[in-house]
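Here is a briefing on one chain.

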Amino acid sequence: MNQVKAKLGCDAKGCMGYTGRGVGVAILDTGIFLHRDFDNRILAFEDMTSRRKTPYDDNGHGTHIAGIIGGNGLSSGGFYTGIAPGSHILALKVLDKNGNGYASDVLSGLQWVKQHMREYQIRIVNISVGSFSKRNMSENSALVKGVDAAWDAGLIVVVAAGNNGPGNRTITTPGISRKVITVGSSDDDREIEVGGVRMVDYSGRGPTGDCICKPDIVAPGSRVVSCANRQGKYTFKSGTSMSTPLVSGAIALLLEKYPEMSNRDVKLRLLERAVDLGLPRNQQGWGELNIRKLLQA
């Protein structure tokens with residue numbers, strides 16, 4: 001993780017002194033395991049799949065995402081720290097033990113976030129979830145309308161581009177939304193394994209079916225180390241699911257520095273401060289995330 005942070009312009013101690021303190025990040029995923037690296041910063045857990053009350057993660061994906069955003073590295077002596085270790089986490093389980101789920105559960109999660117955003121100071125919604133079924137690939141789909149409504153409520157919605165590249169029009173839903181911040185992988189030229197399948201050049205590419213250029217920005221996604229759903233343990237995972245929380249964590253740092261920023265302000269600054277990799281726009285968006293550049297005055 002520290003190698004990834006260094007690539008993004010941070011060092012082992014953090015990013016220019018910012019930790020995302022006071023910023024709430026809602027994570028819609030497979031749940032969360034009570035890893036030591038989250039200490040007392042998991043402020044709420046909601047299970048949209050089985051209605052269980054106690055935090056759990058029977059897959060591990062959600063815990064990994066949460067660690068990339070807000071793990072403090074306690075179990076590794078500070079070696080595997082997330083981007084915003086001072087942020088607080090709201091974990092919403094919308095996917096089952098196999099990482100599958102229903103749009104209705106994602107929409108219920110988004111509704112919960114909107115209802116509680118002021119109570120928990122939620123500014124960011126991380127959705128490392130996507131659908132690639134034909135019936136969902138329209139801006140009129142329920143998932144796109146759901147994330148658009150969250151955006152219109154003032155939330156900063158950060159969504160994965162999906163792992164169906166390298167063809168055109170391979171951005172998953174709801175990443176096809178023109179409002180949200182859609183994140184691709186900047187290092188998908190490395191061969192990885194996702195769900196037992198080896199792939200390369202996997203990051204979803206635009207344009208969308210409505211000719212919107214996507215993704216908006218890219219960040220590393222290959223073999224990212226973060227918290228496992230076992231106490232004190234870490235593991236690596238790959239895909240645009242891992243790129244997305246890197247951007248969410250960076251936004252938490254930005255909001256600590258500039259709490260008055262709106263979601264539109266944040267998106268514009270991300271795009272303006274991205275580093276051009278010289279790749280096609282529908283592969284890299286505006287370029288790769290660089291956190292130091294993002295936070296500079």
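Helices (H or I, at least four residues) and strands (E, at least two) are DSSP runs, numbered from the N terminus. On that basis V275 sits in the loop between α6 (263-273) and α7 (281-284). The model is predicted: local features need pLDDT of at least 70, side-chain atom pairs count only at pLDDT 80 or more, and totals for chains, interfaces and linings use all residues. Residues are numbered from 1 along each chain as its sequence is written, and side-chain values use heavy atoms, with hydrogens and water left out.

**Helix α2**

- Buried means under 20% relative accessible area, exposed over 50%, and partly exposed in between (1.4 Å probe, protein chains only).
- α2 is mostly covered, with ten of its ten residues buried.
- Among them are H61, G62, H64, I65 and G70.
- Contact means heavy atoms within 4.5 Å.
- The buried residues of α2 pack against β1 (24-29), β3, β4 (122-127), β10 (224-227), β11 (234-237) and α5.

- D57 lies in the loop between β2 (42-47) and α2.
- A salt bridge is a side-chain nitrogen of Lys or Arg within 4 Å of a carboxyl oxygen of Asp or Glu.
- For charge, Lys and Arg count as positive and Asp and Glu as negative; His and the chain ends are not counted.
- D57 is buried but has no salt bridge, and K93, the nearest side chain of opposite charge, is 5.1 Å away.
- A polar contact is a pair of N or O atoms within 3.5 Å; within protein, one must be able to donate a hydrogen and the other to accept it, and residues adjacent in sequence count only if both atoms are side-chain atoms.
- The D57 side chain reaches the backbone nitrogen of G60 at 2.8 Å and the backbone nitrogen of G62 at 3.5 Å.
- Beyond neighbours within four places in sequence, D57 is in contact with T30, G31, I32, F33, G62, T63 and N229.

**Helix α6 and R273**

- Buried residues in α6 include N263, V266, K267, L270 and R273.
- Their cover includes α4 (142-152), β5 (156-160), β6 (181-185), β9 (217-219), α5 (240-257) and α8 (291-295).
- R273 belongs to helix α6.
- R273 is buried and has no salt bridge; E272, the nearest side chain of opposite charge, is 5.1 Å away.
- Not counting residues up to four places away in sequence, R273 touches K293, L294, Q296 and A297.

- Patches are made of residues with over 30% relative accessible area and no salt bridge; like charges are joined within 9 Å, nonpolar side chains (Val, Leu, Ile, Met, Phe, Trp, Tyr) within 5 Å.
- Accessible areas come from the Shrake-Rupley method with a 1.4 Å probe; for residues, only the protein chains shown count as cover.
- V275, L277 and L279 form a nonpolar surface patch, with about 190 Å² of accessible area together.
- V275 is partly exposed, because its relative accessible area is 32%.

- S75 is in the loop between α2 (61-70) and β3 (88-93).
- Its relative accessibility is 26%, so S75 counts as partly exposed.
- S75 touches H35, R36, D37, G232 and Y234, not counting residues up to four places away in sequence.
- R178 is in the loop between β5 and β6.
- At 44% relative accessibility, R178 counts as partly exposed.
- The side chains of R178 and E139 are joined by a polar contact of 2.6 Å.
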